[in-house]
Amino acid sequence: MRPNDLENFWMPFTANKDFKADPRMIVSAEGMYYKSSDGRDILDATAGLWCVNAGHAHPKIVEAVSNAVKTLDFAPTFHFGHPATFELSNRLALAFPKNLNHFFYTNSGSEAVDSALKIALAYQRSRGKGTKTRLIGRERGYHGVGFGGISVGGIVKNRMYFGSLLTGVDHIAHTHNPAKNSFTRGEVEHGVELADDLERLVALHDASSIAAVIVEPFAGSTGVLPPPKGYLKRLRAICDKHDILLIFDEVITAFGRLGTMTASEYFDVEPDIITFAKGLTSAVVPMGGVAVKDEIYNQMVDNADSPIELFHGYTYSGHPLASAAALAALDAYQEDDMFKNAQEMSGYLADAAHALKGSNHINDIRTIGLVAAVELKSRDGAPGARAMDVMKAAWNKGVMLRIAGDVLAFSPPLIVNKQQIDHMFEVTADVLKTTT
Ligand SMILES: Cc1ncc(COP(=O)(O)O)c(C=O)c1O
């Protein structure tokens with residue numbers, strides 16, 4: 001096999017044979033654009049994988065990481081520390097919801113989710129509520145690919161191949177109701193009562209067995225499902241009533257996707273725990289984390305039954321390069337007013353997306369913040385095939401789209417401008433004309 005053969009890399013979440021027969025290769029990136037191996041500029045309509053929020057190769061982040069690697073390549077955070085991760089935590093404490101002031105770091109969103117679930121269980125035990133072990137997710141939820149994440153997650157293909165998963169997990173109903181909510185902007189009108197599905201599970205299992213509920217503020221990877229108006233507040237109230245922790249998985253929503261630092265701020269609902277990743281470093285260096293409210297941290301630290309209060313951590317928790325990238329990304333978001341641009345562009349993006357109504361194959365269009373989902377009708381017996389064809393054709397015409405089943409998900413970097421939004425939807429409309 002030649003060393004540059006494509007065969008040896010087993011690509012994630014990819015039809016390997018299909019890709020390797022006709023590869024889409026990216027060789028560099030700057031701002032809103034990738035460069036393909038055949039020298040074309042490719043407009044990034046997806047911020048990579050919902051993560052390059054500051055745009056590619058932001059000079060501030062590149063410089064910070066370059067300097068960091070020359071100064072401190074690695075230092076452990078078990079029993080030792082280095083300043084950047086403490087500084088990052090101080091910065092995040094100021095930016096995140098009021099009571100969430102303690103930060104644990106991971107390398108990815110999946111690890112953030114599994115860490116959050118473990119923290120929730122350990123906290124319940126620490127405060128004498130050791131029977132609270134059940135974890136509740138939501139149908140259609142995506143919480144990464146760790147065993148914890150796929151157990152509380154609700155996407156069938158991500159679960160069905162991998163055995164019996166975690167025990168003691170249950171799911172509330174998803175919120176998608178296309179008969180009542182279609183072609184929507186922002187939170188949807190119908191379905192607040194779906195939060196009461198948590199009461200059903202409390203009646204079934206009893207609150208004394210339930211540790212935590214985890215939801216994405218809007219479901220992203222399943223195809224963008226904005227929550228019903230009032231739904232998250234009602235979920236919060238039911239969790240309070242039954243002494244259940246509420247975890248928001250903000251791996252996609254934190255760092256400006258909704259024009260705010262967190263979805264918690266956007267929806268005005270404070271959870272007990274937030275998981276985050278992606279936009280934290282604008283994806284320049286992998287990093288995720290868990291924000292916990294003061295009560296959780298204090299309970300565990302003040303009442304530990306051994307010198308170490310949390311037997312959990314990763315070699316690269318708070319890696320110096322990731323911490324430097326995150327600090328620089330926070331600076332870039334602030335100095336370049338990127339969240340404001342995201343707010344300003346969100347209406348334009350929504351208009352451009354909804355203008356596709358009437359094009360071939362359109363089933364539904366949903367928008368929220370700087371996100372638009374264009375759902376296509378599936379081909380008979382071949383779910384996802386039509387969107388895959390659209391994605392490939394758009395690539396050939398210079399636009400990178402993200403697909404989830406038959407949904408085209410638009411989530412550009414927060415620096416996007418109107419011309420670029422026009423371009424991504426012109427290309428999509430053009431492609432839909434010839435898609436069978
Ligand atoms: C809500 C949510 N949680 C967790 C993850 C997993 O993150 P990662 O791919 O960094 O493990 C994702 C990734 O898209 C996500 O959208």
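Trainee: Leaving aside neighbours within four places in sequence, which residues is Tyr142 in contact with?
Mentor: In this predicted model, Tyr142 is in contact with Gly153, Ile155, Glu216, Gly220, Ser221 and Thr222, once neighbours within four places in sequence are left aside.

Trainee: Where does Tyr142 lie?
Mentor: Tyr142 lies in the loop between β5 (134–138) and α6 (147–152).

Trainee: And is Tyr142 buried or exposed?
Mentor: Tyr142 is buried, because 25 other C-beta atoms lie within 10 Å, and 20 or more count as buried.

Trainee: What separates the C-alpha atoms of Tyr142 and Val215?
Mentor: They are separated by 8.6 Å, although the two residues are 73 residues apart along the chain.

Trainee: Turning to the ligand, how many residues surround it, and which are the closest?
Mentor: The ligand is surrounded by 15 residues, and the closest are Ser108, Gly109, Ser110, Gly144 and Val251.

Trainee: Which helix gives the largest share of that shell?
Mentor: Helix α5 (residues 109–126) does, with three residues.

Trainee: How do the residues of the shell divide into nonpolar, polar and charged?
Mentor: Five are nonpolar, eight are polar and two are charged.

Trainee: What does the domain assignment give for the chain?
Mentor: The assignment gives domain 1 (16–54 + 337–434) and domain 2 (62–335). Taken over C-alpha atoms, the centres of domain 1 and domain 2 are separated by 26 Å.

Trainee: How many residues of each domain are in contact with the other?
Mentor: On domain 1 there are 30, in contact with 27 residues of domain 2. Elements that give two or more residues to the side of domain 1 touching domain 2 are α2 (47–50), α13 (338–354), β12 (362–368), β13 (371–376) and β16 (407–410).

Trainee: Which of them gives the most?
Mentor: On that side of domain 1, α13 gives the most, with seven residues. By class, the side has 17 nonpolar, nine polar and four charged residues.

Trainee: Now helix α15: which of its residues are buried?
Mentor: The buried residues of α15 are Gln420, Ile421, Met424, Phe425, Val427, Thr428, Val431 and Leu432. These residues cover an arc of only 155° around the axis, so they are on the same side of α15.

Trainee: Which residues are exposed on the other side?
Mentor: On the other side of α15, Lys418, Gln419, Asp422, Lys433 and Thr434 are exposed.

Trainee: What covers the buried residues of α15?
Mentor: The cover includes β3 (41–44), α13, α14 (385–396), β14 (399–400) and β16.

Conventions: Residues are numbered from 1 along each chain as its sequence is written. This is a predicted model: local features need pLDDT of at least 70, side-chain atom pairs count only at pLDDT 80 or more; totals for chains, interfaces and linings use all residues. A residue is near a molecule or strand if its C-beta atom, placed from the backbone, lies within 6 Å of it. Helices (H or I, at least four residues) and strands (E, at least two) are DSSP runs, numbered from the N terminus. Ala, Val, Leu, Ile, Met, Phe, Trp, Tyr, Cys and Pro count as nonpolar, Asp, Glu, Lys and Arg as charged, and the others, Gly among them, as polar. Domain bounds come from an automatic or database domain assignment. Two residues are in contact if their C-beta atoms, placed from the backbone, lie within 7 Å. A residue is buried if 20 or more other C-beta atoms lie within 10 Å of its own, exposed if 12 or fewer, and partly exposed in between; C-beta atoms are placed from the backbone. The arc is that of the directions from the helix axis to the C-beta atoms.
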